[in-house]
Amino acid sequence: MITTSGLTKVYRSRGREVTALDGVDLHVREGEVYGVIGQSGAGKSSLIRCVNLLERPTAGTVTVAGQDLTALAGRGPRAGKELRQARSRIGMVFQHFNLLSSRTVQDNIELPLEILGKTGQERSRKALELLDLVGLADKAKSYPAQLSGGQKQRVGIARALAGDPKVLLSDEATSALDPETTRSILQLLRDLNRQLGLTVLLITHEMDVVKSICDSAALMEKGRIVESGTVSDLLATPGSALAAALFPVGGDPSGDDRTVLDVTFHGEAATQPVISHLSRTYNIDISILGAAIDTVGGLQVGRMRIELPGRYEDNVVPVGFLREQGLQIDVVNNDAVGDGQPLLVKEGAK
Amino acid sequence: MTWSEMQPLLEQAGQETLIMVGWSTLLAVVGGLPLGILLVLTDKGGLLQNTVVNKVIGQVVNIGRSLPFIILMVALMTFTRWVTGTTIGSEAAIVPLAIGGIPFFARLVETAVREVDGGLVEAVQAMGGNTWTVVRKVLVPEALPSLIASTTTTIIALIGYSAMAGTVGGGGLGDLAVRYGYNRFESGLMWVTVAILAVAISLIQFAGDATARALHRRGGRSGAAPRLRLLKTEEPATADVSKVA
Ligand SMILES: Nc1ncnc2c1ncn2[C@@H]1O[C@H](COP(=O)(O)OP(=O)(O)OP(=O)(O)O)[C@@H](O)[C@H]1O
Ligand SMILES: [Mg+2]
């Protein structure tokens with residue numbers, strides 16, 4: 001639904017050059033919720049703004065719903081008619097809501113419809129319908145200043161949906177909201193994705209967002225996508241930084257000369273008998289350093305960090321045994337231990 | 001001089017001031033609003049970024065702003081005669097007043113429009129809006145409280161300018177105060193004129209502030225909070241009246 005290839009964005013200001021995007025290839029399938037995560041300055045906003053060409057890519061192409069937007073861009077800085085029409089079919093939700101304070105909630109939602117040249121009757125019917133959809137039917141005549149952050153974002157989402165888009169872009173839509181409200185907004189996005197078949201590309205710096213609603217995710221670092229895939233594939237990828245960040249297990253080894261393993265199992269697979277079996281077969285003591293079961297992208301995933309006595313070289317056979325049982329085994333090297341989120345530092349909402 | 005002698009003079013002069021200030025305000029708004037918006041749009045990073053146009057408008061506005069009004073008035077005499085056929089009377093005074101008012105208002109518009117949250121512009125662009133949509137649906141309505149406050153400031157400045165314009169045959173209350181108070185030592189009439197001007201300015205300021213605040217309270221967050229200007233003496237108007245007196 002959204003494909004970028006070789007997307008590059010270089011900002012030039014006062015002789016200095018900043019490469020915000022460095023050849024990004026992104027592929028978002030129709031009907032999925034795709035999360036892009038990365039640290040501040042990684043280029044996430046640049047990426048999403050390039051998707052509807054609010055930012056002109058320096059190189060590369062952007063295709064949305066089969067239409068090459070970069071070809072519509074024209075040469076000058078101004079957006080031509082075709083690009084504007086294409087934009088009206090892509091909804092966008094913003095971190096700071098960006099609602100017009102001079103308009104009522106209903107009039108805010110009608111704005112994209114005014115731009116599309118819809119009649120007053122069509123506009124108000126659609127706006128009220130959308131308000132109902134986002135659960136704000138009673139706020140039509142309120143002004144944005146009279147709403148809470150979560151309500152404002154619901155209006156922002158309703159507005160983004162006014163033009164019946166197939167694609168919704170969301171740049172940190174929940175970063176200005178408290179955890180409770182964040183959950184309800186994410187739930188709303190998830191529902192819309194399911195009900196309307198909406199493809200959602202969202203940018204976030206919070207792992208929890210990816211964890212709770214994304215089907216696929218990409219990790220950005222310094223303008224590049226360093227890892228991407230469906231959440232279940234990522235979790236099944238040994239050594240995946242995203243998987244480790246999505247689902248961290250803690251626990252420090254009890255001393256040197258120990259082998260620490262992260263055991264990941266999906267769905268119904270249970271480790272308990274496997275571990276005791278291992279212990280009996282090889283006559284070794286296994287300590288469990290940490291364990292958790294969680295739902296990631298709608299999948300039940302369990303992770304356990306266990307410790308075997310002796311170095312890795314001494315444990316090749318037991319590790320092989322575990323792998324044979326169909327479990328995913330990551331050997332944790334000592335430097336990384338204790339650092340559940342090696343790549344992603346959580347930041348507070350800005 | 002008795003009240004019945006003063007009354008017709010005041011009525012006549014009041015009407016002249018009203019005509020001068022009314023028309024020149026209208027023209028200042030009509031001319032200054034697009035100029036102010038253009039200053040923002042053509043600026044670096046603006047939707048119509050154009051350094052040359054921006055510099056030219058900026059320079060013209062600066063010159064118009066910095067020229068003392070009385071000099072502008074004299075400098076414009078030929079132009080005024082060309083437009084109105086005369087250089088004397090309230091109608092003739094409207095020309096330099098409007099030309100002085102346009103850059104004055106344009107700068108205030110520029111400041112007001114600049115304070116509109118860029119995110120709103122972006123939101124409308126993302127919806128597929130063009131530059132004109134951005135101006136019409138975002139910049140003007142969102143800056144409206146500040147624009148109202150700017151209009152108030154402009155009206156008051158133009159009342160001040162009109163007193164000067166009056167001295168060159170434009171008539172009006174300022175002229176009345178000078179002719180009777182300064183030239184004929186009729187200080188009674190002069191003080192009445194000063195009082196009328198003071199009351200008029202206060203009322204305009206009050207009405208402007210009230211409107212701006214009402215709009216602002218409704219809107220809340222974005223747009224500059226109009227400051228209370230009642231107690232400040234930055235208006236040329238007050239200064240000019242005292243000079244005249
Ligand atoms: N308009 C601009 N002009 C110049 N440099 C820019 C501009 N916008 C972004 N950058 C630079 O590009 C890089 C990527 O910025 P971007 O906003 O895409 O990061 P981000 O991942 O969204 O970060 P955050 O999580 O803080 O929002 C940064 O180094 C930033 O300084
Ligand atoms: Mg960002």
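Two salt bridges span the interface of chain A and chain B in this predicted model. In one of them, the side chains of A:R49 and B:E122 come together at 2.4 Å, N to O. The interface also holds 5 residue pairs in polar contact. On the chain A side, the elements that contribute two or more residues are α3 (81-88), β6 (90-93) and α4 (105-115), and α4(A) gives the most, with 4 residues. Sorted by class, this side of chain A comprises 11 nonpolar, 5 polar and 7 charged residues.

Taken as a whole, the interface brings 23 residues of chain A into contact with 25 residues of chain B. About 2100 Å² is buried between the two chains, with carbon and sulfur atoms giving 56% of that area. A:R84, A:S101 and A:I115 supply 24% of what chain A buries against chain B, more than any other three residues.

Attention now turns to the contact inside chain A. The domain assignment divides this chain into domain 1 (2-235) and domain 2 (247-332), whose centres, taken over C-alpha atoms, are separated by 40 Å. Here 5 residues from domain 1 meet 11 residues from domain 2. The two domains of chain A bury about 690 Å² between them, 63% of it on carbon and sulfur atoms. Of the area that domain 1 buries against domain 2, A:K211, A:S232 and A:L235 supply 82%, more than any other three residues. The count of salt bridges between these domains is 0, while 1 residue pair is in polar contact. Helix α9 (residues 231-235) of chain A gives the most to the domain 1 side, with 3 residues, and that side has 3 nonpolar, 1 polar and 1 charged residues.

Note on methods
Residues are numbered from 1 along each chain as its sequence is written. Chains are lettered from A and ligands numbered from 1 in the order in which they are written. This is a predicted model: local features need pLDDT of at least 70, side-chain atom pairs count only at pLDDT 80 or more; totals for chains, interfaces and linings use all residues. Side-chain values use heavy atoms; hydrogens and water are left out. Domain bounds come from an automatic or database domain assignment. Contact means heavy atoms within 4.5 Å. Buried area is the accessible area (1.4 Å probe) that two parts lose on being put together, summed over both. A salt bridge is a side-chain nitrogen of Lys or Arg within 4 Å of a carboxyl oxygen of Asp or Glu. A polar contact is a pair of N or O atoms within 3.5 Å; within protein, one must be able to donate a hydrogen and the other to accept it, and residues adjacent in sequence count only if both atoms are side-chain atoms. Ala, Val, Leu, Ile, Met, Phe, Trp, Tyr, Cys and Pro count as nonpolar, Asp, Glu, Lys and Arg as charged, and the others, Gly among them, as polar.
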